[in-house]
2 protein chains.
Amino acid sequence: MPTTDPTKARFDLAPFEVTAQDGQARQGRLTLAHGDVHTPVFMPVGTYGTVKGMPPEAIEATGAQIILGNAYHLYIRPGLEILGLHGGLHKMMGWNKPILTDSGGYQVFSLKELRKISEEGVEFRDHKAGDKHKLTPEAIIAAQEVIGSDIMMAFDECPDLTRPRRYLEASMARTTRWAKRCLEARTRPDCALFGITQGGVDLELRQRHIEELCPLPFDGFAIGGLSVGEAKSAMYETVEAVAPTLPADRPRYLMGVGTPNDLLECIRRGVDMFDCVLPTRNGRNGQVFTSQGRRIIKHARHKKDLEPLDPNCDCYTCQNYSRSYIRHLFVNNEMLAGYLLTLHNIHYYINLVDGARAAIAAGGLDAYIARVQAGWEAGDT
Amino acid sequence: MPTTDPTKARFDLAPFEVTAQDGQARQGRLTLAHGDVHTPVFMPVGTYGTVKGMPPEAIEATGAQIILGNAYHLYIRPGLEILGLHGGLHKMMGWNKPILTDSGGYQVFSLKELRKISEEGVEFRDHKAGDKHKLTPEAIIAAQEVIGSDIMMAFDECPDLTRPRRYLEASMARTTRWAKRCLEARTRPDCALFGITQGGVDLELRQRHIEELCPLPFDGFAIGGLSVGEAKSAMYETVEAVAPTLPADRPRYLMGVGTPNDLLECIRRGVDMFDCVLPTRNGRNGQVFTSQGRRIIKHARHKKDLEPLDPNCDCYTCQNYSRSYIRHLFVNNEMLAGYLLTLHNIHYYINLVDGARAAIAAGGLDAYIARVQAGWEAGDT
């Protein structure tokens with residue numbers, strides 16, 4: 001049980017400075033144990049202690065400043081003992097820049113029938129191995145401290161928004177109590193902690209949760225529970241209403257979002273941090289994000305196409321290989337296709353956000369976004 | 001039809017100098033269009049225009065001097081038109097060092113019911129797409145010239161050794177006629193051409209074929225038709241009898257061989273060049289070649305094993321990752337496992353042969369081999 005008031009225990013573990021502003025959009029610098037992160041920032045996803053297929057040097061070459069791991073997945077596989085033996089995730093995977101870990105709330109709650117929620121925490125069965133586990137806010141913080149995350153995420157419930165309002169209110173109140181227990185549980189001064197605000201696209205629930213969570217001494221605040229199937233317009237409207245009401249002196253992280261356009265539209269609405277599996281997962285599946293729009297590499301039109309994936313890109317893939325060659329690798333299930341496509345897509349995302357960051361400082365974000373969006377007309381889809 | 005006598009048409013496209021000798025073992029230097037190759041040499045296999053999973057820079061970092069492609073596979077996919085559009089395989093795949101291409105005789109003849117042999121060549125059906133193709137010695141040389149191989153291989157039949165002796169003799173006589181047509185067909189002065197001697201483990205057939213082929217002006221000679229299921233001892237005995245009878249002033253290439261021990265034993269018996277899928281294929285399947293013998297990475301004993309794959313290895317994988325981490329990647333089907341294991345295994349093979357090359361110059365090959373073999377006692381298998 002907590003013995004001190006967590007609201008008084010601000011560690012200031014992740015100093016954040018807003019360095020420029022353009023409308024609601026912010027340019028900032030977040031100082032973490034493994035280095036500074038310039039925002040807005042996109043974080044490539046490396047769920048199991050690897051950004052799929054990529055050695056860390058290749059990730060770094062894309063310009064990535066920080067990557068995302070998942071405490072829930074790492075807790076299950078390889079498990080905390082092995083992470084601890086390595087001295088944490090950075091050393092295990094050979095990545096020396098910052099790491100943010102999602103707490104796994106989203107994953108646990110998506111298990112549905114396999115889990116049981118109580119005030120204490122969540123019991124669930126590993127869907128692969130069948131083992132029973134119990135996760136509490138304290139256990140999830142302990143796990144993230146073993147992982148050695150530069151930014152830990154609080155343990156939250158991401159409730160199914162079709163449930164009765166009474167359930168949603170009770171869930172969010174419990175997430176708030178869990179958030180306090182997370183703050184209370186942390187011990188490492190080099191592991192910052194972000195809170196997660198919920199409420200779906202219901203602005204009243206959102207505002208109530210923000211009022212509960214944001215006075216707490218978190219090092220940053222996430223907007224959770226979006227990009228879960230709602231209409232794009234509802235997502236943008238929610239971000240537009242919610243982001244400016246989060247503490248101005250803390251970074252704002254929109255979890256699990258999104259497409260290149262989502263990033264631009266939500267940077268414009270005041271979001272500082274993003275993560276998404278799209279560039280990596282879609283890359284492995286042959287979808288390419290480019291300055292000219294999306295391309296489907298297996299499309300017959302690329303069979304004899306000697307152009308790089310994106311003629312306006314300076315990534316390793318675009319500097320060295322043709323669409324024709326990458327298509328050949330992809331249709332023949334060659335592993336190198338996944339590597340080259342992932343590398344390009346991550347670079348595209350990073351470069352897109354780098355451009356937005358520069359545009360904010362120059363006061364020209366809207367023009368930048370309009371220019372980028374206009375370029376997307378020429379893609380395959 | 002040939003209009004000149006190919007035996008008089010020596011181009012000397014791949015000057016070869018024996019720089020040291022230790023018993024039957026040779027150290028040499030082979031000069032090719034894309035650079036010198038120091039022998040003995042191991043060539044990693046990149047059948048479809050990619051060493052599976054590896055960007056060219058990673059292959060180069062293993063110390064590889066030359067890689068192998070397969071003219072038959074590349075002829076089918078992506079096809080000659082696309083290779084030609086790229087200006088050849090080197091440019092298409094971004095590999096600037098030498099490439100040897102197997103002609104595909106072995107692959108075509110392993111199609112069995114799908115192919116029909118005549119004096120002219122072979123008709124066959126692509127087992128994936130079902131298309132009908134006709135390969136002749138002339139077509140295979142033309143294909144390898146489009147690919148731009150530093151070393152092209154003659155088109156040969158690799159006959160099933162259980163067939164009647166009369167068939168084997170007829171087959172080898174035809175392979176000799178095809179070899180002459182290959183010599184006659186070549187036009188590029190930067191593409192050397194090796195002949196392939198057949199005869200299985202029958203020393204009389206072997207010797208007869210060598211007497212037919214070796215007067216021809218090939219830039220090197222391969223021992224084909226071994227490592228196809230015969231006993232290890234029979235393979236070593238055949239190499240021991242055959243290698244010294246091949247022209248001393250030309251490189252000797254043992255096709256498709258083999259294990260680390262096979263390489264050492266056949267270097268000792270006078271072979272200069274090797275290729276094999278073992279380091280790459282077995283790497284992807286979790287088998288590791290090390291100075292301590294083979295390891296099976298998924299073995300439970302490596303679950304908490306913080307050692308590198310091989311404590312005596314200075315490859316990227318061994319300098320940066322533990323067995324425990326690589327096992328975690330492997331058991332979770334993470335692509336990075338294949339990359340790290342392939343990279344280590346290729347490096348192990350290259351380094352093993354580098355050691356043999358140095359030992360030959362120092363007159364200490366037998367001692368080197370004994371030392372390496374003694375080290376293999378500690379592996380998992």
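How many Å separate the centres of domain 1 of chain A and domain 2 of chain A? The answer is 27 Å, taken over C-alpha atoms. What you're looking at is a predicted model, where local features need pLDDT of at least 70, side-chain atom pairs count only at pLDDT 80 or more, and totals for chains, interfaces and linings use all residues. Residues are numbered from 1 along each chain as its sequence is written, while chains are lettered from A and ligands numbered from 1 in the order in which they are written.

**Two domains in chain A**

- Chain A is split into domain 1 (8-276) and domain 2 (283-376), with bounds that come from an automatic or database domain assignment.
- Where the domains touch, 26 residues of domain 1 of chain A are in contact with 25 residues of domain 2 of chain A (contact means that the C-beta atoms, placed from the backbone, lie within 7 Å).
- On the domain 1 side, two or more residues each come from β1 (16-22), β2 (25-32), β4 (41-44), α1 (56-61) and α10 (260-268) of chain A.
- These helices (H or I, at least four residues) and strands (E, at least two) are DSSP runs, numbered from the N terminus.
- The top contributor to that side is α10(A), which gives six residues.
- Sorted by class, the domain 1 side has 15 nonpolar, seven polar and four charged residues.
- For the classes, Ala, Val, Leu, Ile, Met, Phe, Trp, Tyr, Cys and Pro count as nonpolar, Asp, Glu, Lys and Arg as charged, and the others, Gly among them, as polar.

**How the two chains meet**

- Between the chains, 30 residues of chain B are in contact with 30 residues of chain A.
- On chain B's side, α3 (80-86), α4 (89-93), α13 (323-331) and α14 (335-361) each supply at least two residues.
- That side of chain B comes out as 15 nonpolar, 11 polar and four charged residues.

**Strands**

- In chain A, three strands make an open, antiparallel sheet in the order β1-β2-β3 (strands pair if DSSP finds at least two bridges between them).
- β1 and β3 (35-39) of chain A are the edge strands, each pairing on one side only.
- β1(A) and β2(A) share six bridges, and D22(A) has A25(A) in β2(A) as its bridge partner.
- In chain B, β1 and β2 also pair in the antiparallel sense over six bridges, and Q21(B) has R26(B) as its partner in β2(B).
- Two residues lie between β1(B) and β2(B) in this hairpin, and G23(B) in the turn has a positive phi of about 65 degrees.

**A helix pair in chain B**

- The axes of α14(B) and α15 (residues 365-375) of chain B come within 8 Å and cross at roughly 150 degrees.
- Such axes are lines fitted to C-alpha atoms, for helices over the stretch in contact, and angles run from 0 to 180 degrees between N-to-C directions.
- So α14(B) is roughly antiparallel to α15(B) (the label for angles over 145 degrees).
- The contact between α14(B) and α15(B) has seven nonpolar, one polar and no charged residues.

Terms used: Contact = placed C-beta atoms within 7 Å. Parallel < 35°, antiparallel > 145°, perpendicular 65-115°, else oblique.
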